[in-house]
Amino acid sequence: MMKQLFPIRHVMGYLSSLVLSAIALTALLDIPFASKIGILTVTAIIQASVQLFVFMHINEMASTKKELYINIAYALFVGLVTIFGSLFIFVWGWYS
């Protein structure tokens, strides 16, 4: 009974997130810039997948797959607009 109640999937997701964060910290080492970007990109994509599937239960939704992909695409769009809008204003000097 207790084995059914223990959230092993969540514990494994948490531990994998910690390991991925530790791997991402290797970007602080004295390695080439391209390797740093590669390490950060790969670990970020894997960690985002872990967060979506383990903690946000994205695969347990009863809605259609089409609706799921539309929601993910919209979230990516909003995130990218926020990032590039901030860069446009603060870094590229649109306000000056």
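Helices are taken here as DSSP runs of H or I with at least four residues, numbered from the N terminus. By this assignment, helix 4 (residues 65-91) is followed by Gly93, whose phi is positive, near 70 degrees. The structure is a predicted model, in which local features need pLDDT of at least 70 and side-chain atom pairs count only at pLDDT 80 or more, whereas totals for chains, interfaces and linings use all residues. Residues are numbered from 1 along each chain as its sequence is written, and side-chain values use heavy atoms, with hydrogens and water left out.

The 27 residues of helix 4 reach 38 Å from the first C-alpha to the last, close to the 39 Å expected at 1.5 Å a residue (the expected span being 1.5 Å times one less than the number of residues).

Gly13, Ser17 and Leu20 of helix 2 are buried (under 20% relative accessible area, with a 1.4 Å probe and protein chains only; exposed is over 50%, and partly exposed lies in between). These residues cover an arc of only 65 degrees around the axis, and therefore lie on the same side of helix 2, the arc being that of the directions from the helix axis to the C-beta atoms. The buried residues of helix 2 pack against helix 3 (33-55). Ser17, which lies in helix 2 (residues 8-24), has a relative accessible area of 7% and is therefore buried. Not counting residues up to four places away in sequence, Ser17 touches Gln47, Val50, Gln51 and Phe55, where contact means heavy atoms within 4.5 Å.

Val11, also found in helix 2, counts as partly exposed because its relative accessibility is 32%.

Technical notes: Helices (H or I, at least four residues) and strands (E, at least two) are DSSP runs, numbered from the N terminus.
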